[in-house]
Amino acid sequence: VIHELLDQVGLLQRKKSRIHELSEGEKQRISIIRAVINSPSIILADEPTSALDDFSCNKVISLLKNLSKENNAILIIVTHDQRLKDKFNQQMGLDVN
């Protein structure tokens, strides 16, 4: 399972790396894998794509969406990342003044 998840986020080649050897974006992707590895019923993701390039962003969102669907889990994402705007039908916006 771990190899499949690492491959899905583009980190299979880094599987033996220590955390201090990873970039911020790689650390963020590892955190996402840690969050979903045990098939939780609720996935809470706070800015899951903020440090990611467009390619990695798409991979991570696909992974989160697929895993939540496969596990019949609730996926809640909190973000300012406009790249995610068109990827989800159900959204709630907050305007803080």
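**Strand 2 and its surroundings**

A: Strand 2 contributes the largest share of the nonpolar patch, 3 residues, where helices (H or I, at least four residues) and strands (E, at least two) are DSSP runs numbered from the N terminus. The model is a predicted one, in which local features need pLDDT of at least 70 and side-chain atom pairs count only at pLDDT 80 or more, whereas totals for chains, interfaces and linings use all residues. Residues are numbered from 1 along each chain as its sequence is written, and side-chain values use heavy atoms, without hydrogens or water.

The patch lies on the surface and is formed by Ile42, Leu44, Ile74, Ile76 and Val78, which together have about 480 Å² of accessible area (Shrake-Rupley method, 1.4 Å probe). A patch takes residues with over 30% relative accessible area and no salt bridge, nonpolar side chains being joined within 5 Å and like charges within 9 Å. At least two of the patch residues come from strand 1 (42-46), and strand 2 likewise supplies at least two. Ile74, one of the patch residues, has its place in strand 2 and, at 49% relative accessibility, counts as partly exposed, a class between buried (under 20%) and exposed (over 50%).

In the segment after strand 2 lies Arg83, whose side chain meets that of Asp54 in a salt bridge (2.9 Å, N to O), that is, a side-chain nitrogen of Lys or Arg within 4 Å of a carboxyl oxygen of Asp or Glu. Asp54 belongs to helix 3, so that this pair, 29 residues apart, links distant parts of the chain. Arg83 is partly exposed, at 27% relative accessibility, and salt bridges with shared partners join Asp54, Asp81 and Arg83 into one network.

Over the whole structure, the search finds 4 salt bridges. One of them pairs the side chains of Arg14 and Glu26 (3.4 Å, N to O); because Arg14 lies in the loop between helix 1 and helix 2 (24-36) and Glu26 in helix 2, the pair ties together parts 12 residues apart in sequence. Arg14 is partly exposed, with a relative accessible area of 25%, while Glu26, at 14% relative accessibility, counts as buried. Another joins Lys27 to Glu24, with the closest N and O atoms 3.5 Å apart; these two are 3 residues apart in helix 2, and therefore separated by about one helical turn. Lys27 is partly exposed at 26% relative accessible area, whereas Glu24 is exposed at 56%.

Methods. Buried < 20%, exposed > 50% of the residue type's maximum accessible area, 1.4 Å probe, protein only.
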